[in-house]
Amino acid sequence: KRLHQTQFRERVLTAYASRCAICRLRHRELLDAAHILGDSHPKGAPVVPNGLSLCKIHHSAFDANIVGIRPDYVLEVRTDALHLPKKLVNRPNPDFLEERYDEFRAAG
């Protein structure tokens, strides 16, 4: 365990009110302080502006570049992260998805 990790985690989780920045999970024991730029990066200091409070699943997805956070704080998910049924008849109805996506866009 890195020497600074305990203090870094405490400061980051406190800044995020002990919630995952992505899913808002509130179970502190399931939260990590994720580095945006890693320890080995020249700008990878263990400071709150270089950290995100993420649940363990989202931390792993962030580290694996399955999810990304744009500089304008918009979450992006890699297109290959969505799994669909092999049978076309079982796939989500595109018209339903469009209607639901319109609701999503109107809410934000």
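1. Residue A33 touches Q5, F8, R9, V12, L13, L52 and H59, leaving aside residues up to four places away in sequence; contact here means heavy atoms within 4.5 Å. A33 is found in strand β1. With a relative accessible area of 4%, A33 is buried (buried means under 20% relative accessible area, exposed over 50%, partly exposed in between, with a 1.4 Å probe and protein chains only).

2. The model is predicted: local features need pLDDT of at least 70, side-chain atom pairs count only at pLDDT 80 or more, and totals for chains, interfaces and linings use all residues. Residues are numbered from 1 along each chain as its sequence is written, and side-chain values use heavy atoms, with hydrogens and water left out.

3. The protein has three helices and four strands, in the order α-β-β-α-β-β-α from the N terminus on. These elements are DSSP runs numbered from the N terminus, with helices being H or I of at least four residues and strands being E of at least two.

4. Helix α1 covers residues 5-15, and its buried residues are Q5, F8, V12 and L13. Seen down the axis of α1, these residues fall within an arc of 120°, so they line one face of the helix; the arc is that of the directions from the helix axis to the C-beta atoms. The buried residues of α1 pack against β1 (31-35) and β2 (51-55). The contacts of A33 include Q5, F8, V12 and L13, which are the buried residues of α1.

5. Residue I69 lies in strand β3 (residues 67-69). At 33% relative accessibility, I69 counts as partly exposed. Not counting residues up to four places away in sequence, I69 touches L52, F62, V74 and L75.

6. I69 and I36 are 33 residues apart along the chain, and their C-alpha atoms are separated by 9.6 Å. A33 and I69 are 36 residues apart in sequence and 15 Å apart in space, C-alpha to C-alpha.

7. Just after α1, A17 takes a positive phi of about 55°. S18 has a phi near 55°, a positive value in a residue other than glycine; S18 sits in the loop between α1 and β1 and counts as buried at 18% relative accessibility. N65 also has a positive phi, near 60°, and is a residue other than glycine. N65 lies in the loop between α2 (56-63) and β3 and is exposed, with a relative accessible area of 56%.

8. On overall form, the protein has a radius of gyration of 17 Å, whereas a compact globule of 108 residues would have one near 13 Å. The radius is taken over C-alpha atoms, and the globule rule is 2.2 Å times the number of residues to the power 0.38. The C-alpha trace spans about 55 × 30 × 25 Å along its principal axes. Of the 108 residues, 21% count as buried. Among contacts between residues at least 6 apart in sequence, 45% join residues at least 24 apart.

9. The accessible surface comes to about 8500 Å², of which 57% belongs to carbon and sulfur atoms. Accessible areas come from the Shrake-Rupley method with a 1.4 Å probe, and for residues only the protein chains shown count as cover.
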